[in-house]
Structure formats: structure tokens, C-alpha cells
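Reader: I am new to this structure and would be grateful for a guided introduction. May we proceed by question and answer?

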Amino acid sequence: MATESKKMGVVGLTILVAVNMMGSGIIMLPASLAQTGAISILSWLVTAIGSMCIAYAFAKCGRFCKREGGMSAYSEEAHGKSSFFIASYSYYICLVISCVAIAVSAAGYLAPFFPWVKAQPINTFLTVVAILIVTMVANFKGPKITERISALTVWGIIIPVVGLSVIGWFWFDPKIFMDAWNPQHLSDGGAVSSGIALTLWAFLGIESAGANSGAVENPEKNVPLACLFGTAFAAIVYIASTSVIQGIVPNADLMNSDAPFGLVFSMMFNPVVGQVITVLAVIACIGSLLGWQFTNAQVSKAAADSELFPAVFAKVTKDDAPVMGMLIMLALELALACMTISPDLLKQFNALLNLAVFINMIPYVLAMTGLQVMLRKNKVSNTEYRFSSLVSTVGVIYSIYGVYACGSDAVFGGSIIVLFGYIFYGFLAGRDTQRMITKSN
């Protein structure tokens, strides 16, 4: 357990949630959403509503669940010990995939400065590897250092994205926006489905406050606040910034950009400003990656503390950093990076994104369906029970819709990955059964 003096407060945790969402979610998203067109704003609106329902459900779970483990602990309330493992396992795999996707984003934003990065696929791979290693090592000094670095790097995304949301309207051209409205000629429903996986990815990070509860001061109060504040802020900024950029940059140019925010600021001002924004975007990616890797280390530590992951994941240094678990996670990230070498950064990013979103919906659904049990245990009023149950159910239905929107390839591959988790749990269950038999004898 981290000592109180080394734990995060509500401001630090809110920053971590914001960094996790915004750094990973928005930085490449305008280029991805350009494939659907400006009509993707419909996906943003649906996702904003769904994500606020999820945030509310997690805020309630964080209030009533006093144990460490975040979504894994929430899911155990309704589904038992096996769900703690499956939620931890699937979330862990999701974050490994997410970290590689974020590193790919950072590589894309480095390419304008270092053309070598995109000269050959092996160069891109080496860049991604270097980014993953540097950010993981930065986490070795524990939660306080991660909080301080995150507080600095978050400005790398706040300045360009929030700045664009405010001043970008002076360059906004309604004709460019409408020309980009629906290039694929999709129905409204088809356009929403086409963009849902992308926009849902942007909000991954809602749960990171709960996942880091063991490193937070007064988690009963601070985890719910961080969930709601971080999500509301991100929703406003996402919708505003992506709408503005689609009214400034022609859709064909936006689709082919590896650094969309650098591109839009170059068009608004000049190439030098665009380069500055690109540097800030790289900083934001690094900070987001730092936050995700720290979060995943906490998830695996909580599972190991519950004897559901190998004990090596629970070992911490004097700085309260589970370094051995981090090194194992880094090895998995590097292995995945080897499998994703591609000459097209955007396609590589989108493939990782869809897979990560699908796998992450499993702990989302498990966690939110545990809320009703917690509400009953804490004897809340009937009014609070009905309202909270309704909101969490909307969040669950939206999450299931997110699974559908990820596409068959992501669902097929993700299902196989999750099913392997049950093999691992079978051995754990057998171990526990043997312990019970030994005690009874």
C-alpha cells in the first residue's frame, strides 16, 4: 500500500483521467473520423450521452465499493471471483493494446520532424519501441512522479485542442464542413455506427480513476468526482474541436494526415505554428502513455494482491512502483508492436483501436452490472436505486452497441483473446480448490 503522503488527490486523479482520455483519444481521431465525414458529429453526441452514463455508474461504484481493483472489484459484487479475474485480464490486455496504439500516434506526430520514422516500416517499429521503453521507465519512481509528469504533459493536448475549440471558429468555413458531411453517403444510423468505435475510444479512461483507487487519497470521495469532471470536460472539448477541424481542413487532406492538429494550425497560422502544435501533441501522447502504463500496473497489482495474477505483479519498490509487473507489461507491448508493423500508421492505429475498444467493453459491462448489488447492500432509497439502475443500464446497452460497432474482425480476434483468459482462470480455480481440500484435511 502506498503511504498517504505519496497518494494522488482529486486534482491529480482528474488530470490523470483527462490525460488518459484526451491524450490517447483525440490526437489521431480527426484523421480517422474523416473517413466517415463531418456527420460523425452524430456519433459524438451519442457517445457523449453514453459515456456520461458510464461515468455516473462508475462514480456510484467508486462511492460504494471500498476495495481496490476498480472495475474488477465492481464486477465481483455481482458475478463472483471469476469475473474479478476476467475483468482484470481483459482490461489488462486492452491497455497493452492501447499503449501500443498511443505510441503509434506519437510516432505519427514525430514523422514531420524526422522523416526517417516513416521511411520504412522497421523505422516506425523502432520508434514505437523507443517510446514504449522511455515512458515505462519514467513510471519506475511511483505514483507521485507520474502525477507530476501528467500535470505537465496534459498541457500538450489542452493547448491545441481547447485552443482550437475556442479560436478555431474564426477560420471555420461552413462550405468545407458541409462538403465533408457524408462522403460515404451513409444513412444516419450507418454513420453513427461507423463512428461509434472511434468516439468510444476517445472516452476510454473513464474507468482509470477507479483502477487507480489504491493510489488515491480518500477514494470514496475523489474517485467519483474525477470520473464525472474528467468525462464532462472531455465531451465538450471533443465535440467542439473535431467539428471545427472538419470546417477548416478539406476532408481529403484530413483523411491522409498523420498529424491532424499540426495540419490545422499550419493552415490557420503558418507551418511554424503547426510544428509547435505537433511538438505539443507528441508531449501529450507521451503523458497519456505514461498514465495508461501506470494504470495498467495498478490493475495487475490489485489482481495479484487478490491472488488472481502471479505474485510478481504485486511486488513494489520503495517508491511504491510495481516495477516487475511493469517490465512484464513492457515485454507484451513490444511483442504486440512486432505484430503491427505496417507502412500505414493510420490503418495500424485504427486496427489497434477497434480491438482495444471491444476487449474493454467486457469489464465495462461486468462492472456496471455489479452496481445494483452495491446499491442494495448499502440500502439506498428506492428513488436512488431506480435512477442509478436506469442510468447504468443505459451505459451497459451503449457498451454493447460499441461492441457491435467495432466490426467483425475486432470481435472475432478479441473473443479469442478473452477466451484464453478462462483457461488461465481454470488453473487458478483448481489451485484454490486444492487449498480448500488441504485445509479440510
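**Salt bridges and helix packing**

Author: A search of the whole structure, which is a predicted model, finds eight salt bridges.

Reader: Which residue forms a salt bridge with Lys60?

Author: Lys60 lies in helix H3 (residues 41–64) and its partner in helix H20 (residues 382–405), 324 residues apart, so the pair links distant parts of the chain. Lys60 counts as buried because its relative accessibility is 11%, under the 20% cut-off. The N to O distance is 2.6 Å, and the partner is Glu384.

Reader: Which residue forms a salt bridge with Glu77?

Author: The closest N and O atoms of the pair are 2.7 Å apart. Glu77 lies in helix H4 and its partner in helix H19 (residues 371–377), so the bridge ties together parts that are 300 residues apart in sequence.

Reader: Is Ala78 buried, partly exposed or exposed?

Author: Ala78 also has its place in helix H4, and its C-alpha atom is separated by 11 Å from that of Arg376, 298 residues apart along the chain. The relative accessibility of Ala78 is 35%, which falls between the cut-offs of 20% and 50%. Ala78 therefore counts as partly exposed.

Reader: What separation along helix H10 lies between Lys175 and Asp179?

Author: Lys175 forms a salt bridge with Asp179, with the closest N and O atoms 2.9 Å apart. Both Lys175 and Asp179 are exposed. Because they are four residues apart in helix H10 (residues 174–179), their separation is about one helical turn.

Reader: What is the area of the nonpolar surface patch that includes Phe424?

Author: Phe424 has its place in helix H21 (residues 408–440). Its relative accessible area is 42%, so Phe424 is partly exposed. Together with Phe412, Ile416, Phe420, Ile423 and Phe427, Phe424 makes a nonpolar surface patch of about 670 Å².

Notes. Residues are numbered from 1 along each chain as its sequence is written. This is a predicted model: local features need pLDDT of at least 70, side-chain atom pairs count only at pLDDT 80 or more; totals for chains, interfaces and linings use all residues. Side-chain values use heavy atoms; hydrogens and water are left out. Patches are made of residues with over 30% relative accessible area and no salt bridge: like charges are joined within 9 Å, nonpolar side chains (Val, Leu, Ile, Met, Phe, Trp, Tyr) within 5 Å. Accessible areas come from the Shrake-Rupley method with a 1.4 Å probe; for residues, only the protein chains shown count as cover. A salt bridge is a side-chain nitrogen of Lys or Arg within 4 Å of a carboxyl oxygen of Asp or Glu. Helices (H or I, at least four residues) and strands (E, at least two) are DSSP runs, numbered from the N terminus. Buried means under 20% relative accessible area, exposed over 50%, partly exposed in between (1.4 Å probe, protein chains only).
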